[in-house]
Amino acid sequence: MTAPAAARIGDPERGTLAKAADENFPVAPFFLPRAWRDDLMAVYGFARLVDDIGDGDLAPGGADARLLGVSATAAEDRLVLLDAFEADLRRVFDGSGGPPRHPLLRRLQPTVRRRALAPEPFLGLIAANRQDQLVTRYETYDDLLAYCELSANPVGRLVLAVTGSATPERIRRSDAICTALQIVEHLQDVSEDLGRDRVYLPAADMKRFHVKESDLATNTAGASVRALVAFEAERARDLLNEGAPLVGSVHGRLRLLLAGFVAGGRAAIQAIAAAGFDVLPGPPKPGRLRLLREVGVTLRGEG
């Protein structure tokens, strides 16, 4: 058992935060001011835990359910857990029911107060995970974009809020970047998502490329699946390019952080392309050199 896995069983807070190292983008890199790092990790802890609830990826033993006040008989019901998590989130903002029960939400509370964060982005992330329990297929690309409004865009908005850099134009650019990152993650995780009975490839696009769900359940992708993945990857690339001017609109270490987000998406797309757009054997992941190269390209305003 790895150290993070052991921590996940014994310490839900520590185990959840340890997952930051596996993300496509930097969560709270060392070069940021300590106050920013602490607050960004608090936001990440919330976002990661709500996704783990929605995906059924909580640590065995039911520690998170107990912390949220959910009975052992309901501990496997994701909608019940999400309702309890939302109730605990509301304690972060209004305190009417006492302090938050879950340590990740207790960690979040000072960040919310210090940065004057609104509840809407957090509620959006919970709503996205509720939707995952009820909606497992998306008919059109627009339907998928609407889902990304809940599942991805709130994260970028929170980063801007924590760093005190939110403006309407920056939020628009951030939304494009976050939606792109979500689409890229869906492309990397086609097989894993199908195992959860979820398909995030729009049905209209699958029909256009003559792809059936059974084609996604194989060990390697055929030509039609590869063409579909290439099409969706190009859409994600266009969104990243649309959002990239956000990087040039800020300065200093924040500029480097945001460049890391864009570069992470671009590098992941490059890794998918390098795999011949065959994502079915497992998620294609970019190497560190590719990521650093893309950071440089993004900082120079190229790409």
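The questions and answers below concern helices and loops in a predicted model.

Colleague: At what angle do helix α10 and helix α15 pack, and are they roughly parallel or roughly antiparallel?

Modeller: Helix α10 covers residues 168-188 and helix α15 covers residues 252-274, with their axes 10 Å apart. The angle between them is about 30 degrees. Angles under 35 degrees count as roughly parallel. Therefore α10 and α15 are roughly parallel to each other.

Colleague: How many residues in the contact of α10 with α15 are nonpolar?

Modeller: From α10, Ile-177, Leu-181, Val-184, Leu-187 and Gln-188 take part, and they meet Phe-261, Val-262, Gly-265, Ala-268, Ile-269 and Ile-272 in α15. Sorted by class, this contact of α10 with α15 has no charged residues and two polar ones. The nonpolar residues number nine.

Colleague: How is α13 directed relative to α15, roughly parallel or roughly antiparallel?

Modeller: The axes of α13 (residues 223-243) and α15 come within 10 Å and cross at roughly 160 degrees. Angles over 145 degrees count as roughly antiparallel. That makes the direction of α13 relative to α15 roughly antiparallel.

Colleague: How many charged residues are in the contact of α13 with α15?

Modeller: The residues of α13 that meet α15 include Val-229, Ala-233, Arg-237 and Leu-240, and those on the α15 side include Val-262, Arg-266 and Ile-269. In the contact of α13 with α15, seven residues are nonpolar and three are polar. The charged residues number two.

Colleague: How far apart are the end C-alpha atoms of helix α7?

Modeller: Helix α7 has 15 residues, 120-134. At 1.5 Å a residue they should span 21 Å. The distance in the model agrees with this, at 21 Å.

Colleague: Is His-210 buried or exposed?

Modeller: His-210 sits in the loop between α12 and α13. His-210 has a positive phi of about 60 degrees although it is not a glycine. Most residues other than glycine have a negative phi. The relative accessibility of His-210 is 65%, and the cut-off is over 50%, so His-210 counts as exposed.

Colleague: What is the relative accessible area of Phe-277?

Modeller: Phe-277 lies in the loop between α15 and α16. Phe-277 is not a glycine, yet its phi is positive, about 65 degrees. Phe-277 is partly exposed, with a relative accessible area of 22%.

How values were computed:
Residues are numbered from 1 along each chain as its sequence is written. This is a predicted model: local features need pLDDT of at least 70, side-chain atom pairs count only at pLDDT 80 or more; totals for chains, interfaces and linings use all residues. Side-chain values use heavy atoms; hydrogens and water are left out. Axes are lines fitted to C-alpha atoms, for helices over the stretch in contact, and angles run from 0 to 180 degrees between N-to-C directions. Helices (H or I, at least four residues) and strands (E, at least two) are DSSP runs, numbered from the N terminus. Angles under 35 degrees count as roughly parallel, over 145 as roughly antiparallel, 65 to 115 as roughly perpendicular and the rest as oblique. Contact means heavy atoms within 4.5 Å. Ala, Val, Leu, Ile, Met, Phe, Trp, Tyr, Cys and Pro count as nonpolar, Asp, Glu, Lys and Arg as charged, and the others, Gly among them, as polar. The expected span of a helix is 1.5 Å times one less than its number of residues. Buried means under 20% relative accessible area, exposed over 50%, partly exposed in between (1.4 Å probe, protein chains only).
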